[in-house]
Amino acid sequence: MNKNKKDVKIKTEKGSMMDEWPEPIVRVQSLAERNLSTLPERYIKPASQRPTMTDDAPVATNIPIIDLEGLFSEDGSSDDVIMAKISEACREWGFFQVVNHGVRPELMDAARENWREFFHLPVNAKETYSNSPRTYEGYGSRLGVEKGAILDWSDYYYLHHLPPHLKDFNKWPSSPPTIREVIDEYGQEVVQLCERIMRVLSSNLGLKEDKFQEAFGGKNIGSCLRVNYYPKCPRPELALGLSSHSDPGGMTILLPDDQVFGLQVRKDNTWITVKPHPHAFIVNIGDQIQILSNSTYKSVEHRVIVNSERERVSLAFFYNPKSDIPIQPLQELVSTHNPPLYPPMTFDQYRLFIRTQGPRGKSHVESHVSPR
């Protein structure tokens, strides 16, 4: 753990490695538009990481689908059955889908389609928003700054929603014309959904319902959006749209492309292809929730496969702790028989550690475990 903290400090002081990408950026979309018959070597995953291209997993093995209607009634009471389903999903899966979640279906559709239109803009219009590894804000095509790394078959756009001082509309696309308004409204509604789920996560551990929210900084949390664009891939059996990883933040609310499957979740050493329910969100427990709960709740490895016939667009909304608050197991959840598994680390430190390396399964959070 000390080594990790030292690494973070060194990289923060030097800074230069985060100012620019280690190699010239190639847009994956531009490669896909060439109608290649082969895959460039930089995108060919080692044999052990390649997806198993089989028929979709049976419905019985899909992640849980939970109907949130009636979760909180007007008198302030909660539905014990729904609460229990969420608890089981967080402990056993780290993933679940939610329907009747309070975000308007037409807003979900508008958000996804506005971003699809953005990625279909001419190259020059998008390059105006090119990002750097220092903040990731803007239009990007790689995660991590390791020179010579095997890359993922995807482009993305990353922007901040909260805290307000990081929310800069000038860094958001101005085309299509409605995109800023739609995404701002979308972010507000998704934040409200996250707040509701955070209350459930706390209550299900026997804590006061605002405990998790307080640990994250109360209203001073961070939230951001990464829109993923996965172009058609000539050899999908050799590539990944997004390498195996667990999400570093608190909670992810994913709006998938319900017409093109892509997300795979690891369960009992088996990769399960998630079948999105129409107008459902996929909720993903992140590393910071695993740390707060002292591993009662699980952040789980997942990855994205690509398609040779169809492109895919998804929106990952990240709900994170305030960046400078040390996150550690809650005192109420530790004892002599259940000691804390993780030492304190701010989300800024943790995020920087991950950004230098890119997606690497569960290795980031596992390397953060306290020595015994």
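Over the ring of which residue does the charged end of arginine 27 sit? The ring is that of tyrosine 139, and the charged end of arginine 27 lies 4.1 Å from its centre. A charge is taken to sit over a ring if NZ of Lys or CZ of Arg is within 6 Å of the ring centre and within 35 degrees of the ring normal. Lysine 267 provides another such case, its charged end sitting over the ring of tryptophan 93 at 4.9 Å from the centre.

The structure is a predicted model, in which local features need pLDDT of at least 70 and side-chain atom pairs count only at pLDDT 80 or more, while totals for chains, interfaces and linings use all residues. Residues are numbered from 1 along each chain as its sequence is written, and side-chain values use heavy atoms, with hydrogens and water left out.

Aromatic contacts come next. A pair of aromatic rings is described by the distance of the centres and the angle of the planes. Rings of Phe, Tyr and Trp (its six-membered ring) pair if their centres lie within 6.5 Å; planes under 30 degrees apart count as stacked, over 60 as edge-to-face and the rest as tilted. The structure holds 17 aromatic pairs. One of them joins tryptophan 21 and tyrosine 136 edge-to-face, at 5.6 Å centre to centre and 80 degrees between the planes. Tryptophan 21 lies in the loop between helix H1 (2–14) and helix H2 (28–32), and tyrosine 136 in the loop between helix H5 (123–127) and strand E3 (138–140), so the pair ties together parts that are 115 residues apart in sequence. Helices (H or I, at least four residues) and strands (E, at least two) are DSSP runs, numbered from the N terminus. Tryptophan 21 counts as buried because its relative accessibility is 11%, and tyrosine 136 is buried at 5%. The term buried means under 20% relative accessible area, exposed means over 50%, and partly exposed lies in between (1.4 Å probe, protein chains only).

Tryptophan 115 and phenylalanine 119 form a tilted pair, 6.5 Å centre to centre with 40 degrees between the planes. Both residues belong to helix H4 (residues 105–119), where they are four residues apart, about one turn of the helix. Both tryptophan 115 and phenylalanine 119 are buried. They are members of one aromatic cluster that is formed by Trp115, Phe118, Phe119, Tyr129, Tyr139, Tyr157 and Tyr229; Tyr139 is the residue whose ring lies under the charged end of arginine 27.

The account now turns to the strands. Two strands pair if DSSP finds at least two bridges between them. Strand E12 is mostly covered, nine of its nine residues being buried. In a regular strand the side chains alternate between the two faces of the sheet. From E12, Arg312, Ser314, Ala316, Phe318 and Asn320 point one way, and Val313, Leu315, Phe317 and Tyr319 the other way. E12 pairs with E5 in the antiparallel sense over nine bridges, with asparagine 228 standing opposite serine 314. E12 also pairs with E7 in the antiparallel sense, over five bridges, and here alanine 316 is the bridge partner of leucine 254.

Strand E10 is likewise mostly covered: five of its five residues are buried. Phe281, Val283 and Ile285 point one way from E10, and Ile282 and Asn284 the other way. Strand E2 (residues 95–99) pairs with E10 in the antiparallel sense over four bridges, and glutamine 97 stands opposite isoleucine 282. E7 and E10 run antiparallel and are joined by four bridges, with methionine 251 opposite isoleucine 285.

On a 1 Å grid over the protein atoms alone, a cavity is a set of points where a 1.4 Å probe fits but cannot get out, and lining residues have an atom within 4 Å of a point. The structure holds four cavities of 30 Å³ or more. The second largest cavity has a volume of about 160 Å³, a volume being the space filled by probe spheres set on the points. Its lining comprises 18 residues, of which Leu242, Leu254, Leu263, His302 and Ala316 lie nearest the centre. The elements that give two or more residues to this lining are strands E5 (222–230), E6 (242–245), E7 (251–255), E10 (281–285), E11 (302–304) and E12 (312–320). E12 gives the most, with four residues.

Notes. On a 1 Å grid over the protein atoms alone, a cavity is a set of points where a 1.4 Å probe fits but cannot get out, and a pocket is an open set with protein on both sides within 12 Å along at least five of seven lines; lining residues have an atom within 4 Å of a point.
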